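My notes follow in the order I looked things up.

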Amino acid sequence: MANHKSSIKRIRQEEKRRLHNRYYAKTMRNAVRKLRATSDKAEAVALYPKVQKMLDKLAKVNIIHKNKAANLKSKLAAHIAKIA
């Protein structure tokens, strides 16, 4: 157990931040999964900007790496282009 006041506070902060990051990472994964599962092109095109914005925001605050965001956006764009 931590002995210093500052380390106790740091533990509280890290736990809160971890839960916050997990929530947004899971939300992002669900959005990507939903977009990949879509077979309707119009719906996918409408959903893509929202997912793209979410990925950019998460990359900006280091919840996911910027290259991961770029790779996901690229693959989703290719997926949308492939839908007939």
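**Entry 1: the loop between α2 and α3.** I began with Asn 62, which is exposed at a relative accessible area of 66%. For the cut-offs, buried is under 20% relative accessible area, exposed is over 50%, and partly exposed is in between, with a 1.4 Å probe and protein chains only. Asn 62 sits in the loop between α2 and α3. Its phi is positive, about 60 degrees, although Asn 62 is not a glycine. Most residues other than glycine have a negative phi.

**Ground rules.** I noted that this is a predicted model, where local features need pLDDT of at least 70, side-chain atom pairs count only at pLDDT 80 or more, and totals for chains, interfaces and linings use all residues. Numbering starts from 1 along each chain as its sequence is written, and side-chain values use heavy atoms, with hydrogens and water left out. Helices are DSSP runs (H or I, at least four residues), as are strands (E, at least two), numbered from the N terminus.

**Entry 2: α2 against α3.** I looked up how helix α2 (residues 41-60) and helix α3 (residues 66-82) pack: the angle is about 175 degrees and the axes are 10 Å apart. α2 is therefore roughly antiparallel to α3. Angles under 35 degrees count as roughly parallel, over 145 as roughly antiparallel, 65 to 115 as roughly perpendicular and the rest as oblique. The axes are lines fitted to C-alpha atoms, for helices over the stretch in contact, and angles run from 0 to 180 degrees between N-to-C directions.

Then I listed the residues that meet. From α2 they include Tyr 48, Val 51, Gln 52 and Leu 55, and from α3 they include Leu 72, Lys 73 and Leu 76. By class, the contact has twelve nonpolar, one polar and four charged residues. Nonpolar covers Ala, Val, Leu, Ile, Met, Phe, Trp, Tyr, Cys and Pro; charged covers Asp, Glu, Lys and Arg; the others, Gly among them, are polar.

**Entry 3: the sides of α3.** Which residues of α3 are buried? I found Ala 69, Leu 72, Lys 73, Leu 76 and Ile 80. They cover an arc of only 100 degrees around the axis, so they lie on the same side of α3. The arc is taken from the directions from the helix axis to the C-beta atoms. These buried residues pack against α1 (5-37) and α2. The face turned away from the buried side carries the exposed residues Lys 75, Ala 81 and Lys 82.

I checked Lys 73 separately. At 18% relative accessibility, Lys 73 counts as buried. Beyond its neighbours within four places in sequence, Lys 73 is in contact (heavy atoms within 4.5 Å) with Tyr 48, Gln 52, Leu 55 and Asp 56.

**Entry 4: α1 and Val 51.** The buried residues of α1 are Ala 25, Met 28, Ala 31, Val 32 and Leu 35. What covers them includes α2 and α3. Val 51 is found in α2 and is buried, at a relative accessible area of 4%. Leaving aside neighbours within four places in sequence, Val 51 contacts Ala 31, Val 32, Leu 35 and Leu 76.

Entry 5: Not counting residues up to four places away in sequence, Thr 38 touches Glu 43, Ala 44, Leu 47, His 79 and Ile 83.
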